[in-house]
Amino acid sequence: SDQVETLEFQAEARQLLQLMVHSIYSNKDVFLRELISNASDALDKLRLESLVDKDLAADVSDLHIEIAVDKDARTLTVRDNGVGMSRDDVVSLIGTIAKSGTAELLRRLRESKDAGASQELIGQFGVGFYATFMVADRVTLLSRRAGESGGTRWESTGEGTYTVEAVDEAPQGTSVTVHLKPADTEDNLHDYTAEWTVREIVKRYSDFIAWPIRMTVERAGEDGATTREAQTLNSMKALWARSRDEVDEAEYKEFYKHVSHDWADPLETIHMRGEGTFEYEALLFLPSHAPLDLFSPQGRRGVQLYVKRVFIMDDCDALMPNYLRFVKGVVDAHDLSLNISREILQQDRQIRAVRRRLVKKVLATLKEMPAESYRTFWAEFGAVVKEGLLEDPDNAEPLLDLVRVASTHDPAELTTLRDYVARMKDGQSEIYLATGESRSTIENSPHLEAFRAKGYEVLILTDPVDEVWVERVGQYGGRALRSVAKGQVDLETDEEKAKAEAERKDHAELLTWLTGALADSVKEVRLSSRLTTSPACVVGDAHDMTPTLEKMYRAMGQ
Ligand code: ADP
Ligand code: MG
């Protein structure tokens with residue numbers, strides 16, 4: 001039918017659009033990058049579909065992106081002849097936000113009073129298509145799914161509702177027309193209908209896009225008449241396929257932003273090549289901040305997989321373990337089938353070998369990172385890296401060297417286990433640690449008294465995952481990791497032991513009586529050398545669960 005339907009944006013989409021319409025983000029040029037990125041994704045998808053499905057009724061002879069400007073109408077259009085969208089696609093993909101972390105983003109934005117922090121949040125999230133509403137007072141989208149006959153026209157001002165209507169004639173793919181806000185407003189410092197502005201933004205943000213981005217430009221000919229010609233604005237070089245000295249820092253950064261949807265620079269770049277029987281190129285990045293969905297099971301993770309420059313899949317979990325899910329980038333493997341599925345990838349021996357090499361490289365890069373960057377990294381991703389101590393026992397050693405923990409040694413600084421060992425007292429053979437909810441509960445706990453009195457350093461572990469990895473790993477460099485809240489810690493000299501033995505004899509009757517009287521609550525009552533100021537404390541058996549762990553299991557209903 002040719003009826004125009006008016007629909008409402010989903011609530012979360014509406015809230016995000018409000019932020020865009022009222023331009024919370026100051027770098028408005030990025031709207032063009034988002035449109036080009038979507039167009040490029042759509043071309044990737046169509047190429048893959050046509051390779052897999054030989055009968056697909058789609059034209060793949062000249063896949064490209066086109067930008068057209070109209071100064072008089074004040075419009076900019078980005079067109080692609082890619083996979084396109086059906087009516088249902090348009091409604092579900094453009095009318096709602098399926099991205100995980102949206103609710104969290106909105107909550108934090110509401111709480112944040114500081115404009116700078118809000119911008120950063122938006123940047124981390126990556127608003128995609130909605131970024132157009134920073135510069136537009138109206139956006140029109142026309143799309144036809146490759147292989148289908150009719151098209152869909154979508155339009156919105158970004159204020160709560162949009163319209164959809166079926167159209168008989170539409171070219172394959174999608175075109176998005178941005179009706180720019182009036183020229184004199186603050187929102188349009190740049191004239192997006194000017195050729196050089198478009199050229200510059202494409203060069204800056206989208207040069208590496210693998211598809212031609214074309215624009216028809218006007219030139220004054222010798223005879224004074226204007227001639228028009230189509231030019232390709234980008235160089236289309238796949239960054240990962242170039243050698244390292246051919247790529248400059250700015251190109252790496254822009255590419256990172258393209259693959260990660262992050263608007264901040266990466267902390268580290270890893271560019272490597274695997275040769276031999278199984279060739280691949282990898283271009284990986286370590287972000288400078290954690291995404292909002294880092295701990296969400298639906299969060300985006302892993303890297304993109306390409307096969308000889310053909311995009312195959314996002315979030316390829318076979319290439320990166322879960323505990324390195326924050327690593328972003330591209331792996332281009334030369335000798336895989338384009339039809340490869342996630343399940344087959346998981347089983348593939350060569351893919352596993354690639355994954356091992358990538359993990360080693362990421363861990364080595366982290367180890368060599370400058371102290372300042374590493375501090376940032378650890379604050380953002382430390383809790384995730386520690387999951388690796390459970391998930392990846394083969395790499396326990398390099399992982400333990402990456403761990404930073406709080407300690408009684410210096411309240412202001414985290415320490416490495418290596419430094420702890422270097423500071424160990426003569427006669428100290430174990431690494432002492434205390435787990436708990438916070439530094440202050442641990443510091444005030446009677447368990448620490450004897451250690452403090454002896455001048456022994458104790459590690460202070462407050463992450464829920466800490467108890468689990470300490471338990472699993474058990475030791476560092478051959479030295480046991482020993483919880484101060486468990487078992488009998490041997491802190492005594494021979495002289496002290498003799499004295500303690502005498503005291504035990506003196507108080508034997510009292511202890512037997514106390515053990516009997518408290519039989520319902522404790523296993524045993526004994527004299528202790530742990531305490532210096534508290535009269536008594538309860539300790540767990542060496543093999544018991546610690547209180548935090550007990551609480552955790554109870555909360556999990558076990
Ligand atoms: P993202 O690209 O991160 O998924 P966007 O807001 O940019 O988020 O786009 C939302 C979705 O809309 C895309 O995932 C895609 O499915 C669809 N889409 C957007 N632009 C296009 C396009 N040019 N061609 C086909 N699908 C598109
Ligand atoms: Mg996008």
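In the predicted model, strand β5 (residues 151-156) pairs with β6 in the antiparallel sense through 6 bridges. Within this pairing, Thr152 has Ala166 of β6 as its bridge partner. The hairpin formed by β5 and β6 has 4 residues between its strands, and Gly158 adopts a positive phi near 85° there. Strand β6 (residues 161-167) is also paired with strand β1 (residues 4-8), again in the antiparallel sense, over 5 bridges; here Val4 has Glu165 of β6 as its bridge partner.

These strands belong to an open sheet of 9 strands with mixed pairing, in the order β1-β6-β5-β4-β7-β3-β2-β8-β9. Strands β1 and β9 (226-232) form the edges, each pairing on one side only. On average, neighbouring strands of the sheet are turned by 20° against each other, direction ignored. Elsewhere in the sheet, strands β4 (residues 136-144) and β7 (residues 173-180) run antiparallel and are joined by 8 bridges, with Ser175 of β7 as the bridge partner of Leu142. Helix α6 (residues 195-206) lies across β2 (65-70) and β8 (213-220), and runs at about 150° to β8.

A further site was examined in helix α10 (residues 371-391), which contains Leu389. Leu389 counts as buried because 22 C-beta neighbours lie inside 10 Å, the cut-off for burial being 20 or more. Residues up to four places away in sequence aside, Leu389 touches Ala396, Leu399, Trp469, Arg472 and Val473.

Key:
Residues numbered from 1 in each chain as written. Chains lettered and ligands numbered in written order. Predicted model: local features only at pLDDT ≥ 70, side-chain atom pairs only at ≥ 80, totals over all residues. Helix = DSSP H or I, 4+ residues; strand = E, 2+ residues; numbered from the N terminus. Buried ≥ 20, exposed ≤ 12 C-beta atoms within 10 Å, placed from the backbone. Contact = placed C-beta atoms within 7 Å. Pairing = 2+ DSSP bridges. Axes fitted to C-alpha atoms, helices over the stretch in contact; angles between N-to-C directions.
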